[in-house]
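These notes are meant to be read with the model open beside them.

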Amino acid sequence: MSDRTWGGSTLAARRETRRETLLATALSLAGEDGSAAVTVRSVCRRAKLTDRYFYESFADRDALLLAAFERVATEARDTLADAVARTSPEPAARARAAVEAFVALVLDDPHKGRLLLLEPFADPVLGEHSHRLMPSFTGLIDGQLADGTDDSGRRMTAYALVGGLANLFAGHLRGTLDVSRERLVDHSVQLVLAAHAATTRPNRTGAESPRP
């Protein structure tokens, strides 16, 4: 029974502790050497757990890797939403708050940055899941864009912005984009504000496009 105790903790608590250890280990291995380094054997060895305890929480290696990825993605979404919610409604203030919060997440903990932004290009399982998560991020951006264009226009702008910023941050993490953190933040804020401005421009008739 899950409420039975041993050594002062319940079976359910010990199982949850082992699950958290496995997730943290997967993040660490993927952050150090890429998602290919995450195997049942390598995770169990690093976590000092037997495969029996691995399979009590995860069906296979892919299930563990996806769970670790989903956790980081959820943290990223919550970080963005919280930054916007705690900031004044001015577009410039919200753009800077969101960018600074996201950059802090992926650069201050590069393991999270690598798993979220780089490994989907290397691992098909993560790549497919990353595409499925895209609407949850574009929805955050869409909600901050102006009402001067139709829904499809705002969605296209949101997709372009999320994809562009993701590649910008990925380039910085890879080391192929050699700019300071301050310049990265400033440029990203400019991109967000340019997207916001683009959705406020009038259409060809001179009137702003109504929302359907």
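1. Setting aside its neighbours within four places in sequence, valine 38 is in contact (heavy atoms within 4.5 Å) with Ala26, Leu29, Ala30, Val43, Arg61, Leu64 and Leu65. This is a predicted model, in which local features need pLDDT of at least 70 and side-chain atom pairs count only at pLDDT 80 or more, while totals for chains, interfaces and linings use all residues. Residues are numbered from 1 along each chain as its sequence is written, and side-chain values use heavy atoms, with hydrogens and water left out.

2. Val38 is also one of the residues that touch the most other members of the largest nonpolar core, a group that includes Leu22, Phe54, Leu64, Phe102, Leu115 and Leu116 as well. That core has 52 residues, a nonpolar core being a set of buried Ala, Val, Leu, Ile, Met, Phe, Trp, Tyr and Cys residues joined through side-chain atoms within 4.5 Å; buried means under 20% relative accessible area with a 1.4 Å probe, protein chains only. Helix 4 gives the largest share of this core, 10 residues.

3. The protein chain has nine helices and two strands, where helices (H or I, at least four residues) and strands (E, at least two) are DSSP runs numbered from the N terminus. From the N terminus on, the order of elements is β-β-α-α-α-α-α-α-α-α-α. Of the 212 residues in the protein chain, 40% are buried.

4. Helix 1 has 23 residues and reaches 33 Å from its first C-alpha to its last, close to the 33 Å expected at 1.5 Å a residue, the expected span being 1.5 Å times one less than the number of residues. Among its buried residues are Arg18, Leu22, Ala26, Leu29 and Ala30, and what covers the buried residues of helix 1 includes helix 2, helix 3, helix 4 and helix 6. Just after helix 1, glycine 34 takes a positive phi of about 95 degrees.

5. How do helix 1 and helix 6 pack, and at what angle? Helix 1 (residues 11-33) and helix 6 (residues 110-122) pack at about 80 degrees, with their axes 8 Å apart; axes are lines fitted to C-alpha atoms over the stretch in contact, and angles run from 0 to 180 degrees between N-to-C directions. The two helices are therefore roughly perpendicular to each other, a term that covers 65 to 115 degrees. Leu27, Ser28, Ala30, Gly31, Glu32 and Asp33 of helix 1 make this contact with His111, Lys112, Arg114 and Leu115 of helix 6.

Key: Angles under 35 degrees count as roughly parallel, over 145 as roughly antiparallel, 65 to 115 as roughly perpendicular and the rest as oblique. Buried means under 20% relative accessible area, exposed over 50%, partly exposed in between (1.4 Å probe, protein chains only).
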